[in-house]
Amino acid sequence: METGAFSQLTRRYMREEFNPRTPDLSDVRYFSYGATVEPKLWSAFRKSHRIVEEHEGPNDGLVSVASSKWGGEQGYKGTLVGVSHLDLINWTNKLRWLVWQLIGNKRK
């Protein structure tokens, strides 16, 4: 099933489509964090990290620190070091629990 999601993961889409259609509201304060990680040998993010790093610099495996800065100087709260994109969206813990259960352990 084609959803178009991958075409939305480009700088061109964000610059030409998403950002113009989604302006910041003047009465809303925006905050953001960036993250950097050096992917392990077995990480699913090794290739994407390398590509993003070549084009935009330090990144979490999917999103560069430069792209994550939003909300101006007051809104950008800092860069988390050693944190992947999966860590940011809390999928790392879900994957750990899944593996834990697959090897026969039960959650308490």
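Modeller: A salt bridge is a side-chain nitrogen of Lys or Arg within 4 Å of a carboxyl oxygen of Asp or Glu. This is a predicted model.

Colleague: How many salt bridges does a search of the whole structure find?

Modeller: Side chains of opposite charge can pair when their charged atoms come close. The search here covers the whole structure, and its count of salt bridges is 6.

Colleague: Which residue forms a salt bridge with E56?

Modeller: The closest N and O atoms of this pair are 3.3 Å apart. That is within the 4 Å cut-off. The partner of E56 is R11.

Colleague: How many residues apart in sequence are the parts that E56 and R11 tie together?

Modeller: E56 lies in helix 2, residues 46-56. R11 lies in helix 1, residues 11-21. The pair therefore ties together parts whose separation in sequence is 45 residues.

Colleague: Is R11 buried, partly exposed or exposed?

Modeller: Buried means under 20% relative accessible area, and exposed means over 50%. E56 has 23%, so E56 is partly exposed. R11 has 48%, so R11 also falls in between and counts as partly exposed.

Colleague: Which residue forms a salt bridge with R12 at 3.2 Å?

Modeller: Both residues of this pair lie in helix 1. They are 4 residues apart, about one turn of the helix. R12 is partly exposed at 38% relative accessibility. The partner at 3.2 Å is E16.

Colleague: Which residues are linked with R12 and E16 in a network of salt bridges?

Modeller: E16 is partly exposed, with a relative accessible area of 45%. R12 and E16 belong to a network of salt bridges.

Colleague: How many of the 5 residues of strand 1 are buried?

Modeller: Strand 1 covers residues 32-36. It is largely enclosed by the rest of the structure, because the number of its buried residues is 4.

Colleague: What is the bridge partner of S32 in strand 2?

Modeller: Strand 2 covers residues 76-81. In strand 2, the partner of S32 is Y76.

How values were computed
Residues numbered from 1 in each chain as written. Predicted model: local features only at pLDDT ≥ 70, side-chain atom pairs only at ≥ 80, totals over all residues. Heavy atoms only, no water. Helix = DSSP H or I, 4+ residues; strand = E, 2+ residues; numbered from the N terminus. Buried < 20%, exposed > 50% of the residue type's maximum accessible area, 1.4 Å probe, protein only. Pairing = 2+ DSSP bridges.
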